[in-house]
Amino acid sequence: MKKHHLSSLILRTAVAGFFALLFLMPTVLTLSNSFMSQAEISANYGVIFGSPAEGAYMSERVNLKLIPDMVTFRQFSTVLLMSPDYLFRFWNSVILVVPIVIFQVLIASLAAYSFTRWRSRWKEVLFFSYIILMLMPFQVTLVPNFIVAERLNLLDTRWAIWLPGFVAPFSVFLLTKFMRRIPVSYIEAAKLDGAGEWQIFWRIAIPLCRGALYAVAILVFIDYWNMVEQPLIMLRDPMTHPLSVFLSRINSAEIGVAFAVATIYMIPSLLMFLHGEEYLIEGITYSGGIKG
């Protein structure tokens, strides 16, 4: 039995390790290729990315390399020092995403507390409508958002992106499910001590849902950090587009720069995940700070 259990454990570990390496390979290749010279990239991926520079060798088959022949920071110096367009779009992404994360978490926590504390038939209908909106494909709600933004004269402004992001239903749904599992005895004890609704919200509901709040913030950040459709539809001026849209415009002659930009683009999401990994796991495996 022990040998069978050990063999099963080794097999499962090997399969999990294989899929982990498979999922991490694009990230590792992007990071590695960002430190390669343009000539080396053309030699390794010329068949995919087009003709190499004059005099450079282009392989007829793709050669995936994890370690560059010669490490160079030229692409990063081009992005950070010589081409302000990339950094400008990066800060466009920051300006668009950070307010959405802050206000969506704030509004969702207030709405979730309201759905938790005051239950009625109409509020259940409203909560069910949130679920319906959450299940709809994004392309379905994009058209009404565009019409509303056009009639409010918000097109070509950041408000056309911000306002729909502030009231997205996913965060409300997730936080409501967490808050509804807070023991009623906690709230009743606080009310007996003379606490009002705001005190219960800030001192009981929010601390117990800290893991869920971090999980929601991380998921919302990653979702909107990678948005493409909203800026393309709502923002007609290319100078207001985030880096997620601008990445697709880098041509094959600048593929080395594209790898460097993609590496810089991944850093905020990776930092968010690494910083909040513990809270993200807690938010998924715990409910309102209580196991089960």
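**Reading a helix pair and a pocket**

User: Let's start with two helices. Does α9 pass α10 in a left-handed or a right-handed crossing?

Analyst: This is a predicted model, so keep that in mind. Here α9 passes α10 in a right-handed crossing.

User: Okay, and at what angle do the axes of α9 and α10 cross?

Analyst: Look at the two axes first. Helix α9 covers residues 184-192 and helix α10 covers residues 197-208. Their axes come within 11 Å and cross at roughly 155°. An angle over 145 degrees counts as roughly antiparallel, so α9 is roughly antiparallel to α10.

User: Which residues make the contact?

Analyst: On the α9 side, find Tyr 186, Ile 187, Ala 190 and Lys 191. Facing them from α10 are Ile 200, Ile 204 and Leu 208. Sort these contact residues by type and you get six nonpolar, no polar and one charged.

User: Now the largest pocket. What is its volume, and how many residues line it?

Analyst: The volume is about 750 Å³, and 28 residues make up the lining. To find the middle, pick out Phe 138, Thr 141, Ala 168, Pro 169 and Tyr 224, which lie nearest the centre of the pocket.

User: Which helices supply the lining of the largest pocket?

Analyst: At least two residues each come from α5 (121-135), α6 (138-151), α7 (159-166), α8 (169-179), α11 (210-225) and α12 (229-234). Of these, α6 gives the most to the lining, with five residues.

User: And how do the lining residues divide by type?

Analyst: Count them up: 20 nonpolar, six polar and two charged.

Technical notes: Residues are numbered from 1 along each chain as its sequence is written. This is a predicted model: local features need pLDDT of at least 70, side-chain atom pairs count only at pLDDT 80 or more; totals for chains, interfaces and linings use all residues. Side-chain values use heavy atoms; hydrogens and water are left out. Axes are lines fitted to C-alpha atoms, for helices over the stretch in contact, and angles run from 0 to 180 degrees between N-to-C directions. Helices (H or I, at least four residues) and strands (E, at least two) are DSSP runs, numbered from the N terminus. Angles under 35 degrees count as roughly parallel, over 145 as roughly antiparallel, 65 to 115 as roughly perpendicular and the rest as oblique. A crossing is left-handed if the near helix is turned anticlockwise from the far one by less than a right angle, and right-handed if clockwise. Contact means heavy atoms within 4.5 Å. Ala, Val, Leu, Ile, Met, Phe, Trp, Tyr, Cys and Pro count as nonpolar, Asp, Glu, Lys and Arg as charged, and the others, Gly among them, as polar. On a 1 Å grid over the protein atoms alone, a cavity is a set of points where a 1.4 Å probe fits but cannot get out, and a pocket is an open set with protein on both sides within 12 Å along at least five of seven lines; lining residues have an atom within 4 Å of a point. Grid points are joined across faces, edges and corners, and a volume is the space filled by probe spheres set on the points.
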